[in-house]
Amino acid sequence: MKMLKTLLSSVVFLLMFGNTIQAQSAKTLLSEVAEKVKSYENISIDFKYELNNNETSSKEETRGSVKLQGDKYVLDLFGGKILFDGTKIYQISAEDEEVNISSPSGEESLTPSNMLTFFEKGYNAAMDIEQNVQGRKIQYVKLTPTENKDEFKFILLGIDKETKHIYNQIISQTNGSEVTITVTGFKTNQPLSSTLFQFDKSKYEHYYINNLDE
C-alpha cells in the first residue's frame, strides 16, 4: 500500500510538473510573439474572416484588411471602415452613408489595435496541437479567459514557429458558433500616408455624422 501511494504521488507530481512546463512554454512563445510585434513601426495585414454557426449549419466568409501603427488603426471589413486616430473611433458605413463617432469604452477585447498582443493579460495559456500548413509549422496555444466572458469560451492562437507571427485565431463562442481569422498577407514597416489615421470630414459631406459621445 505504501509503495502504491508513493507511485501515485509520483504520477501526480509528474502530471503537475508537466502542466507547469507546458504553461511556461506557452507563455515563452507568446512573449516572443509580442516582442516581435512591438518591434515593428507599423503592420499591414490582409485576412480572411469565417463565421461558422453550428446552430444553423451556416457559414459566412469575407475578406478584410487592417493597418496598424501603435494604437491607431484603419480596418476595412464587411464593406465598411473603422478608423481609430488614437482618441476617437470612426465607424464609416458607405451603405448607410453614416459615420458614428465614439470614444473607446475600454471593454473591447479583440480590437485591431490589440489583436496581435491581446493575450498578454487576462488569459491562461497552454500549448495545444502543432500543424503543418503548406510547409509551415503552426503551433497552437489555447487561451482560456481568467474571468467569465460572455462572448467566447476560449481562443486557439496559431503561431508560425519560425517567424513568430500569428497565422490565425480560432474563437470558440459561447453560443456554439466559431470565428476564424486567418492572415493571408503580412507586411511590416511600410511607407504610410501621414493622414491615413485621420478622419477627413470633407470626404463625407453627404453622410449623417452621429457623435455618440454627445
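A residue counts as buried when its relative accessible area is under 20%, as exposed when that area is over 50%, and as partly exposed in between. With this scale in mind, the present report describes a predicted model of a protein chain.

## Overall architecture

The chain has 214 residues, of which 34% count as buried. Read from the N terminus, the order of elements is α-β-β-β-β-β-β-β-β-β-β-β-β. Among the contacts with a separation of 6 or more, 49% are made by residues 24 or more positions apart. The chain exposes about 13500 Å², and carbon and sulfur atoms supply 48% of that area.

## Confidence of the model

The average pLDDT of the protein chain is 82, and 82% of the residues score at least 70. Where in the chain is confidence lowest, and where is it highest? The lowest mean, 59, belongs to helix α1 (residues 2-38), whereas strand β6 (residues 98-102) has the highest, at 95. Over residues 1-21 the pLDDT stays under 50, and the model has zero contacts beyond four places in sequence for this stretch. Where pLDDT is low, the predicted coordinates should not be read in detail.

## The aromatic residues

A pair of aromatic rings is described by the distance of the centres and the angle of the planes. The structure contains six aromatic pairs. One of them joins tyrosine 90 and phenylalanine 199: the ring centres are 4.5 Å apart and the planes meet at 10°, so the pair is stacked, since planes under 30 degrees apart count as stacked. This pair links distant parts of the chain, with tyrosine 90 in strand β5 (residues 89-93) and phenylalanine 199 in the loop between β11 (178-188) and β12 (208-211). The two residues are 109 residues apart.

Phenylalanine 199 also forms a stacked pair with tyrosine 204, at 5.4 Å centre to centre and with 5° between the planes. Are these residues buried or exposed? Phenylalanine 199 and tyrosine 204 are both buried, and tyrosine 90 is buried as well. Ring pairs link Tyr90, Phe199, Tyr204 and Tyr207 into a cluster.

## Salt bridges

The structure holds seven salt bridges. Three of them are listed below.

| Lysine 164 | Glutamate 32 | 3.9 Å |

The salt bridge between lysine 164 and glutamate 32 links distant parts of the chain, 132 residues apart. Lysine 164 lies in the loop between β9 (152-160) and β10 (166-173), while glutamate 32 lies in helix α1. Lysine 164 is partly exposed, because its relative accessible area is 21%. Glutamate 32 has a relative accessibility of 34% and therefore also counts as partly exposed.

Why does glutamate 50 count as buried? Its relative accessibility is 12%, and the limit for a buried residue is under 20%. Lysine 59, by contrast, counts as exposed, because its relative accessibility is 52%. Salt bridges that share partners join Lys48, Glu50, Lys59 and Glu61 into one network.

## Two further residues

Threonine 182 lies in strand β11 and counts as buried, because its relative accessibility is 9%. Apart from residues up to four places away in sequence, threonine 182 touches Asp46, Phe47, Lys48, Glu50, Tyr167 and Asn168. Of these contacts, Lys48 and Glu50 also belong to the salt-bridge network described above.

Aspartate 85 is found in the loop between β4 (80-84) and β5. Its relative accessibility is 22%, so aspartate 85 counts as partly exposed. Which residues does aspartate 85 contact, leaving aside neighbours within four places in sequence? They are Lys72, Tyr90 and Phe197. Tyr90 is also a member of the aromatic cluster. Aspartate 85 and phenylalanine 197 are 112 residues apart along the chain, yet their C-alpha atoms are separated by 5.2 Å.

Methods:
Residues numbered from 1 in each chain as written. Predicted model: local features only at pLDDT ≥ 70, side-chain atom pairs only at ≥ 80, totals over all residues. Heavy atoms only, no water. Helix = DSSP H or I, 4+ residues; strand = E, 2+ residues; numbered from the N terminus. Buried < 20%, exposed > 50% of the residue type's maximum accessible area, 1.4 Å probe, protein only. Contact = heavy atoms within 4.5 Å. Areas by Shrake-Rupley, 256 points an atom, 1.4 Å probe, with all protein chains shown as cover. Phe/Tyr/Trp six-rings, centres within 6.5 Å; stacked < 30°, edge-to-face > 60°. pLDDT = per-residue confidence, 0-100. Salt bridge = Lys/Arg side-chain N within 4 Å of Asp/Glu carboxyl O.
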